[in-house]
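Hi,

Here is the structure I promised to pass on. Have a look at it first, and then read my notes below.

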Amino acid sequence: MELLKKNKKVFFNLGLLIAFIWLLVTSYSQSKRKPESVSELLNDFSWLGGKWPKWLDLPLMNWINPAFKALNEKYGYVFEAINNFLLAMLMAVKNFLIQAPWPLVILGVIVLTYFASGRKTGTTIFVGACTFFIGFLHPIFWQKAIETTAIMIIGIFLCVIAGIPLGIAMSRSVRTRNVVLPVLDLMQTIPSFCYLIPGIMLFGLGAVPAIIATFIYAVPPLVRLTDLGIRLVDKEVIEAADAFGASRRQKLLGVQLPLALPNIMQGINQCTMMALAMVVIASMIGTRGLGDEVLLGLQQLNVGRAAEAGIAIVLLAIVLDRITQSYGETLQERQAPAKKEKK
Amino acid sequence: MSKIEINNVYKIFGNNPKSVLQMVKDGATKDEVLEKTGHTVGLDNVSLKIEEGETFVCMGLSGSGKSTLIRHLNRLIDPTDGDILIEGTNVMSLNTQSLIDFRRHKMSMVFQRFGLFPHKTVIQNVGYGLEMQGKSDTERNKIAMEKIEAVGLNGFENQYPNQLSGGMQQRVGLARALATNTDIMLMDEAFSALDPLIRSDMQKQLLDLQSELKKTIVFITHDLDESLRLGDHIGILNAGKLVQVGTPVDIIMNPADDYVEAFVKDVNRAKVIKAKIIMKSINDSNNIDKNNLVKVNEDQFIEEFLPQVVCTNSNCEVVDKQGNIKGYITNKELQKSLSKS
């Protein structure tokens, strides 16, 4: 036991090496294009030159496919439950917004912006105008924009309830961070179609795989910024909280989270922008919204129509960005260092 | 029983402090340890006692371990080895919950860069410790207002810290520490970030408050004048070692080593030394000229009567408050006491 403890790193590396050898051996034995015998490889070294040898092939595909199939067949009911749940939420939001009279929706956006931006009239008027122009561009865009927004709202909602706690957990433990960071990297770099298409197979065509894809694509910045925000809180302020006897919970809720809020809001802002980008891409798997207008325009070689829809997407992005951004800004102003004239 | 007792405390920073501990105990210097093991020695066998109601000033240059030392008292930093006793309780034996209770009721702290909560108003900042103690809103605000008045910040209670100047922010920090009404106050370079005039102001304010409240204050500073002004006792740290502990006069008159001597070299002695310290008793002063005498109180600083003595080229007669003659200071002795070597 003592030996194991002392040479933890050596044993860990040894384990990795064994795993690698095991992978080599299994891929070799499962390969259909392997040479007659191993001795052939040792006598003739031509496989070391030129092309990658065909037998040196990790059969990851052969492992994933049956697993995915089994997942789909055996646990299909789980995915169906998730599907129904998300769809019900989505429909509630969507129907509410679509059935509401359009002037009322614009008014709602204006009121929201007004208070989020700390009563800045300029921003409010600008955002109100942008909202108006979405419908003004083409009557059908209004409903499409609402469909897009509804998917985003659900997606961002999922991001927030999963991302912020995860970010908090990361800021508190180095080990959690070391585990989560590579996963976030993976989520950000893997091409979106790699999970859009399997999403269809699990959840069927439509909005739900789009929501899932939105979540995968948009949650990493929120997690990162929550983590960063909490760790960037002034060390002396944390010490002060400790020195006056704050418990971990009091410290988190009373000091760390409020002070990390500008960063967290920035994360939500980033999350929103990425969600919008993903919802537009998701139109290619049949998600309805502004994205399919672009797609339709391009398919008909109707550049004007595609441009109109493109502009509508930009307008929607501006509206969402202004609302989330300005809320973060109002928070940040208070924490900025003292301004000279106020002395 | 001393209020605060620190026994043989070692603090080593690094990946595996315990492994280096023996080496440090055997007398390796800070530089040797850093070179051989990559560990930094923060505190090296520090022991001291602080009595109730006194202001203990811990002084040293940056990197000497003074901020590390003060953080051991409320366990913001845990020692690598050694005991810390507060009112006889070993703080190392406290579990999480009792440590929190201990911090809420026994100690408060003032920070170098104020450590105020930027998202809370002045009154909320001052009331933070009370909030942690579980006091009700009304009680909290009442006490907080009292303390805000005590530090002279009336009218600013609903401002945010970034709307105040540095000096005012530190007053908020001071008020916050006073509000919890703990016996012990830790002040970590509390006035170092302030400009000289405001600093001197704050020192005076602290002295005034202290003369009323009689708290046990542990004050960290790198400024000798500040430590001489505030401290009942001064401890001087060098490279994690406590090199001398004594009253301000001890430190100036009998520096323990070259390091302390270098420290006190530039000090204005006239500001620190009182008449009673350099006077000769009546018996030893039979042969001085008593025709030309200046009367001084035994608690007066040399600075206060020096001009008069120089102008009239006279000797001093030292008296106590009742006017009884306690001793004499000759003109020559006065000059000698002010010379730096």
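Helix axes are lines fitted to C-alpha atoms over the stretch in contact, and angles run from 0 to 180 degrees between N-to-C directions. Helices (H or I, at least four residues) and strands (E, at least two) are DSSP runs, numbered from the N terminus. This is a predicted model: local features need pLDDT of at least 70, side-chain atom pairs count only at pLDDT 80 or more, and totals for chains, interfaces and linings use all residues. Residues are numbered from 1 along each chain as its sequence is written, while chains are lettered from A and ligands numbered from 1 in the order in which they are written.

Let's start with chain A. The axes of helix H9 (residues 174-189) and helix H11 (residues 207-231) of chain A come within 9 Å and cross at roughly 145°. On the H9(A) side, the contact (C-beta atoms, placed from the backbone, within 7 Å) is made by A:Arg177, A:Leu184, A:Met187 and A:Gln188. H11(A) brings A:Ile216, A:Pro220, A:Val223, A:Arg224 and A:Asp227.

Now to chain B, where four strands form an open sheet in the order E11-E14-E13-E12, with mixed pairing (strands pair if DSSP finds at least two bridges between them). Strands E11 (280-281) and E12 (293-297) of chain B stand at the edges, each with a single partner strand, so one side of each has no neighbour in the sheet. E11(B) pairs with strand E14 (residues 325-329) of chain B in the antiparallel sense over two bridges. There, B:Ser281 has B:Gly327 of E14(B) as its bridge partner.

Happy exploring!

Definitions and conventions: Contact = placed C-beta atoms within 7 Å.
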